[in-house]
Amino acid sequence: MNQVYGSPLRPDTALQPRDTGARSNTSIRLRGNVLRLRDDQARALRMGMEDRPILAIQAAFGTGKTVVAALIAARLSSTERILVATATTNVAVAQLTDTLLGLDEFRSRLSVLRFVADTAIREGAPTTPVDLHPILLGLAANPTDTLTEREIARLRRYARGRSLIERVLRDPNAAFGMTEEEREEYRIAEYDNSDATEEAVAIMLKVRFPTILCMTVSALLNSTRPG
């Protein structure tokens with residue numbers, strides 16, 4: 001984006017041409033099945049790996065754009081930075097996420113994370129195994145040995161509040177069945193949700209740094225700050 005809008009890139013982040021071997025690798029394994037790329041798909045994959053600030057891939061529905069996009073993202077990913085993969089709808093982001101998870105060649109080195117806004121959860125957005133809050137809740141339930149007692153306590157505090165929030169997100173009538181204590185915890189959790197999630201994410205990054213972050217364009221715009 002810096003190249004597109006005219007801001008010079010730092011020397012250490014400038015895009016460099018790379019030899020990906022895409023010309024000879026015309027087949028992939030997706031969830032155990034071998035898929036052979038068509039010539040146009042292989043060409044799009046090669047172009048996606050070249051030094052281009054923007055690449056538009058246009059094709060009809062069902063022609064494999066998501067597979068090509070997932071391959072480009074997987075091959076460009078690095079353990080030294082987070083690659084952001086976006087789409088305009090939660091359904092499209094979920095499909096892209098599932099495709100990334102299904103790339104057998106990259107399974108051992110990809111760490112994929114998907115962010116889903118609470119409003120989307122309330123509206124029934126599709127889920128994936130790597131959605132942010134389930135990952136954080138899992139870390140709270142099974143913390144690693146590298147975390148301090150204070151970090152574990154913060155994760156569990158987040159988990160208590162988040163569990164109540166998700167209970168209401170998925171069933172708005174659940175609030176009526178809460179005890180007074182649960183209602184008070186829910187009010188506190190709602191108030192602290194942003195800060196508690198931010199703390200939990202910071203802890204997660206120590207033990208599960210994502211190489212690819214999947215989210216909708218609107219979620220990306222709403223979650224970024226100037227500078």
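Residues are classed by relative accessible area as buried (under 20%), exposed (over 50%) or partly exposed (in between), with a 1.4 Å probe and protein chains only. The structure is a predicted model, in which local features need pLDDT of at least 70, side-chain atom pairs count only at pLDDT 80 or more, and totals for chains, interfaces and linings use all residues. Residues are numbered from 1 along each chain as its sequence is written, and side-chain values use heavy atoms, with hydrogens and water left out.

The structure holds 14 salt bridges, a salt bridge being a side-chain nitrogen of Lys or Arg within 4 Å of a carboxyl oxygen of Asp or Glu. Side chains of opposite charge can pair when their charged atoms come close. One of the bridges joins R52 to E50, with 2.8 Å between the closest N and O atoms. R52 is partly exposed at a relative accessible area of 38%, and E50 is also partly exposed, at 35%.

Helices (H or I, at least four residues) and strands (E, at least two) are DSSP runs numbered from the N terminus. A salt bridge links R170 and E166, at 3.7 Å from N to O. R170 and E166 are four residues apart in helix α7 (residues 149-170) and are therefore separated by about one helical turn. E166 is buried, with 11% relative accessibility. A further salt bridge pairs E182 with R167, and its closest N and O atoms are 3.5 Å apart. Because E182 lies in helix α8 and R167 in helix α7, this pair ties together parts that are 15 residues apart in sequence. Both ends are partly exposed, E182 at 24% and R167 at 33%.

The contact (heavy atoms within 4.5 Å) involves L132, H133, I135, L136 and L139 of α6 and T197, A200, V201, M204 and V207 of α8.

In the loop between β1 (27-30) and β2 (33-36) lies R31. Most residues other than glycine have a negative phi. The phi of R31 is positive, near 55°, and R31 is partly exposed at 49% relative accessible area.
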